[in-house]
Amino acid sequence: MRVVKMSAPLERVLRAFLDDPAAPRYGYDLMKAAGLKSGTLYPMLGRLEDDRLVTSAWETPQQDGQRPRKYYRLTSEGIRVATLELAQVSASRPRAPGRPARPVPGILG
Amino acid sequence: MRGERSLLRIGGYLIGLASRLLPGGIRDERRREWTAELPAILRDPDTRLAAHRAARMLGYAAGAVWGSALAAGGARGRLTAVMAVVVGLLTADFLLLAVRGILGVANAPGDWVHYYGIAAGTLYLVGLGWVLARQIRQAAKPMEGVRDAVLDYGAAFIPSWLLSRLLRAVGADSSDLPGQTSAPGPPAPGPVLPAASAEQAISLARDTAGRFYRTRLRPGYQVAEVDKLIARIEATLTTGTRPVQAVTAADVQAAKFGTTRLGGYDEPVVDEALDYYAGALARLALSPDSTTGPDTDSTDMTR
């Protein structure tokens with residue numbers, strides 16, 4: 001299994017992804033959901049993509065002349081790794097204040 | 001929104017600066033991606049105030065410059081050095097301001113200018129201390145936190161266009177960044193599954209087979225059809241190398257499923273798993289003791 005170096009921003013990104021693993025997420029959505037700056041988020045997304053934990057695709061061009069946006073989502077491997085990593089983080093921080101222990105939605109099974 | 005066009009032009013200009021700092025392989029793609037986000041941020045329905053949306057959009061573009069600069073491998077060290085000088089000079093300046101204010105108050109208590117000096121110096125130092133504390137808390141090592149804080153705080157005082165000039169001045173433009181360690185280009189075409197062996201893919205498949213994420217209120221793939229294909233793939237994978245595979249990677253790539261109206265297997269998740277299966281099948285077909293392999297193009301999973 002790949003080793004993901006966990007950091008606080010990465011943890012927030014993974015949590016944002018796992019809120020709905022199947023949903024395509026735009027960079028700006030992830031910034032809002034994770035509370036990160038674009039300068040932090042995009043290099044991180046690049047690394048996750050290199051590790052094949054995240055895939056990206058371009059949305060199909062719209063009729064209204066908007067430029068197509070690029071969206072990201074976890075791969076099935078990414079869902080697995082993210083779930084495990086976050087579980088480990090929670091386990092090593094048993095009573096983190098202000099972070100209610102709730103099941104991550106959308107876990108396989 | 002009023003002034004949208006000129007705002008987008010400024011944002012686009014910053015994005016241009018940002019993408020120029022990136023290695024050639026990902027430059028154009030990132031530029032397109034960021035440029036497409038700008039109007040979306042300006043029209044973000046979650047943010048009510050137009051001015052707020054505009055600030056966010058510009059912050060997004062400026063952040064892209066900043067992130068690209070930091071991602072640019074060897075530039076980080078030089079940039080940190082520059083920022084350390086900037087922050088050092090600013091700190092000295094504000095300290096001087098505060099000290100002069102205190103001395104001034106002692107000598108001439110009635111003069112408000114001195115109080116402003118004290119306030120400005122205190123604000124600056126509190127801000128610096130706050131950024132330092134936050135970054136050190138977040139970083140793995142204290143020194144990394146200090147470095148991040150210096151970069152972060154310095155950036156607050158330097159506009160992005162100046163930053164870009166600065167980077168070029170210290171030779172940190174992307175043209176002389178041979179390492180590109182933290183931002184490699186797009187993955188090479190061809191068999192793209194990384195180290196995973198066929199066995200790993202099979203075990204991964206066992207984890208996911210029959211246990212895909214199911215949609216509830218959205219359309220999905222017909223469960224029975226997906227299960228049937230997966231059963232065939234698994235049979236092929238577990239029986240090992242065969243001159244003619246019962247299911248080839250090309251079959252998997254071409255597979256289509258009926259959809260349900262509500263509930264079913266979540267499509268992207270199934271597609272993703274099938275990509276893994278296709279990779280495993282292709283590797284199996286290419287393994288040395290296989291005589292005839294299926295179409296190897298099917299391992300190219302870029303879509």
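Contact here means heavy atoms within 4.5 Å. Helices (H or I, at least four residues) and strands (E, at least two) are DSSP runs, numbered from the N terminus. This is a predicted model, in which local features need pLDDT of at least 70 and side-chain atom pairs count only at pLDDT 80 or more, while totals for chains, interfaces and linings use all residues. Residues are numbered from 1 along each chain as its sequence is written, chains are lettered from A and ligands numbered from 1 in the order in which they are written, and side-chain values use heavy atoms, with hydrogens and water left out.

**Exercise 1. Describe the secondary structure of chain A and of chain B.**

Step 1: Chain A has four helices and three strands, in the order α-β-α-α-β-β-α from the N terminus on.

Step 2: Chain B has 11 helices and four strands.

Step 3: Turn to burial, where buried means under 20% relative accessible area, exposed over 50% and partly exposed in between (1.4 Å probe, protein chains only). Chain A has 109 residues, of which 46% are buried; for chain B, with 303 residues, the value is 44%.

**Exercise 2. Work out how H1(A) and H4(A) pack, and which residues meet.**

Step 1: Two packed helices are described by the angle between their axes and the distance between the axes. Axes are lines fitted to C-alpha atoms, for helices over the stretch in contact, and angles run from 0 to 180 degrees between N-to-C directions.

Step 2: H1 (residues 8-18) and H4 (residues 76-92), both of chain A, pack at about 125° with axes 10 Å apart.

Step 3: Angles under 35 degrees count as roughly parallel, over 145 as roughly antiparallel, 65 to 115 as roughly perpendicular and the rest as oblique. H1(A) and H4(A) are therefore oblique to each other.

Step 4: From H1(A), A:Glu11, A:Leu14, A:Arg15 and A:Leu18 meet A:Ile79, A:Ala82, A:Thr83, A:Leu86, A:Val89 and A:Ser90 of H4(A).

**Exercise 3. Find the residues that touch the most other members of the largest nonpolar core.**

Step 1: A nonpolar core is a set of buried Ala, Val, Leu, Ile, Met, Phe, Trp, Tyr and Cys residues joined through side-chain atoms within 4.5 Å.

Step 2: The largest such core has 57 residues, and those touching the most other members include A:Val13, A:Phe17, B:Trp34 and B:Tyr60. Helix H3 (residues 50-71) of chain B gives the most to this core, with nine residues.

Step 3: Not counting residues up to four places away in sequence, A:Val13 touches A:Ala34, A:Leu36, A:Leu41, A:Met44 and A:Leu48.
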